[in-house]
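Please work through the exercises below with the sequence and the model at hand, and try each task before reading its solution.

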Amino acid sequence: MLKILKYSFYDLIRSRWSYVYFAFYLLLGIVLLFLNNDLSKAVITLMNVIIVLVPLIGTIFGVMYYYNSKEFTELLLAQPLKRSSIFLGQYLGVALSLSMSLILGLGIPFVFYGLFESSAIWDFSLLLITGTFLTLIFTALAFNIALSNENKIKGFGYAILLWLFLAVIYDGLFLMTLIMFEDYPLDKVSLVGTMLNPIDLSRTLILLKLDISALLGYTGAVFKEFFGTNFGLIVSFTMLIVWVILPVLRIVFKSKRKDF
Amino acid sequence: MNKLFVFLAVILLVQTSYAQNIEVCNTCPTSSLKDAIIQAKDFDTITVKKGTYKEYDIIIDKPLTIIGEDYPVIDGELKGEIITIISDNVTVDGLFIINVGTSYTEDYAAIRVRKSKNFVIQNLVLEKLFFGIYIEKSSYGKVYHNKIIGDAVEEYNSGNGIQLWYSNHIKIEHNYVEHVRDGIYLEFSDDCLIKNNVSAENLRYGLHFMFSNDDVYQDNTFENNGAGVAVMFSKKIKMLNNIFKENWGTASYGMLLKEINDAEIIGNTFEENTIAINIEGSNRIVYKNNNFVNNGWAIKVRGACYTNSFVENNFLYNSFDISYNSKINDNVFDRNYWSNYTGYDLDKDGVGDVPYRPVKLFSYIVNRTPETIILLRSMFIDIIDFSEKVSPVFTPDNLMDNNPSIKKITW
């Protein structure tokens, strides 16, 4: 598995897209800091970008990589290798190279700007951690979609739909539910609702760290009490880890039974 | 030679019979303030030397000037009220008063002024207090340069820093109040001036008005109080050049206006408050040249607010600029600078060519269902805000700034 991981990783590192992705974040970081002059403000803007863009890139890139390297995968399958290690290796290769582009691309300008002396370092690390988690989650979901769909167009379609659902439609449904049941106590519901969507979960985690919690009023108090404590933090990170593990397990399961 | 003696004797006699000076110190013939007040005649000066005086229930019933040298300590030993002024023309200066008694039936104060005129209370330091300076049914007084440091923990068993009750024409300047219930509290008090005070870290309000008209407060700083400044049921109040900042918490705001009419709010700075101004049932108020910076809500209108005008203010980086809970709008927004404005200015006259709508759909939704705020900064919310901006359905369609400024307004 490590060998395949290494191979996929180096293959991706040499590819143009990784550089474009890396350069994009680098540019974003530099421009934000240049325009803003304020680290914590820049972190908020970055959060807006990360929670939308990272899942999108993760899904598209994952699906694309799977379909593109299909012939190579078939070649590998002919070798005496475990199926799970082939697919997990490829998955980790993609996810890690994307995470690396994200971390380095954003990290370099911020480090040069004096992140280590700033108090925003924890917010920023949280941002990078959630960004990495989102990459891991959405690449795994993308591999699932690609494994289940032979048809490329269909695969891409589902991938986009998945992203659209979690990034936009879910929030819409969530909002409608909250408005429809406004006569009932909703703080528990909203807490569960946020936990079930990794994008919402990451957003709430970062927002609460940035002390926007006071805006949330009474609901905020419930949220702050939950996410502000170590227990809440552990639960939300466990939730993110579960979000990674479940799709990865399905990759292993699916790949074992798939007829190539 | 004899003549000179006579002359000196006469001068001495005159002096002693007019403005006599009584000294109080731990080793003097008069070793307590109470004795000194009994001995003193009208318009005498009592000088209190450095030391600790364990006294309470000191009643000043004649026009005296009491001056502390090097801050003598008057220790009430938590037994009750410490100084009560019931005469006109009293001056109290430079004392350090501590340990006021706490009671659930009486409002014990460090220093109370009752039915007096022309008093001056200055340079006092009050600590460990219940109520600080309590002025009732008095007028034409001055409260200058006092420092009041409480240790209030709970609202129900703590008092206010400076409290005015049925008192008119009082000047309160350069005081510093912290850690009490309400920093400065005015009830039924008209024509007062509150200037250059700092009120911080108080449990409830930095400044609190109730049924008080024609007052002015200016150049004060209100910082990190439970809920900033509350102005309620009052008319014609001028609020000028104050700073409201860091009143941050789930139920905090910079300024709360309730049933306020004909007020002027000019030149204030609201920074990092959860809600900068919360308005309810307030009419004909002029908001001009205020800065709203980094607040959660800059202005939250709860309803029944008519004919207010918001002119030439700066709204900078607030999560919500204006929040409204109804579709009816009778307030004017004109020539403000909005940092969220995305329009253009083709004719370069400094005024945006497209009107700005400060009320977002999301703020309307949040007003209806507060829990929805957890979707703040979600992409879906941005999309619905955008569509509402293009064609307003839920937000009042005449609520807009027709002449949004392109540059930050300076004055």
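**Exercise 1.** Find which residue of E10(B) stands opposite Thr84(B), and then describe how E10(B) is joined to strand E13 of chain B.

*Solution.* Start with Thr84(B), which stands opposite Arg112(B) in E10(B); strands here are DSSP runs of at least two residues (E) and helices runs of at least four (H or I), numbered from the N terminus. Strand E7 (residues 83-85) of chain B pairs with E10(B) in the parallel sense over 3 bridges, where pairing requires that DSSP finds at least two bridges between two strands. Next, turn to strand E13 (residues 131-136) of chain B, which runs parallel to E10(B) and is joined to it by 5 bridges; in E13(B), Glu136(B) is the bridge partner of Arg114(B). Finally, consider burial: strand E10 (residues 109-114) of chain B is mostly covered, with 5 of its 6 residues buried, a residue being buried if 20 or more other C-beta atoms, placed from the backbone, lie within 10 Å of its own.

The model is predicted, so local features need pLDDT of at least 70 and side-chain atom pairs count only at pLDDT 80 or more, whereas totals for chains, interfaces and linings use all residues. Residues are numbered from 1 along each chain as its sequence is written, and chains are lettered from A and ligands numbered from 1 in the order in which they are written.

**Exercise 2.** Determine how many residues of chain B are in contact with chain A, and of which classes they are.

*Solution.* Counting as in contact two residues whose C-beta atoms, placed from the backbone, lie within 7 Å, 20 residues of chain B are in contact with 28 residues of chain A. Helix H4 (residues 379-390) of chain B gives the most to this side of chain B, with 3 residues. By class, the side of chain B that touches chain A has 9 nonpolar, 8 polar and 3 charged residues, where Ala, Val, Leu, Ile, Met, Phe, Trp, Tyr, Cys and Pro count as nonpolar, Asp, Glu, Lys and Arg as charged, and the others, Gly among them, as polar.

Methods: Buried ≥ 20, exposed ≤ 12 C-beta atoms within 10 Å, placed from the backbone.
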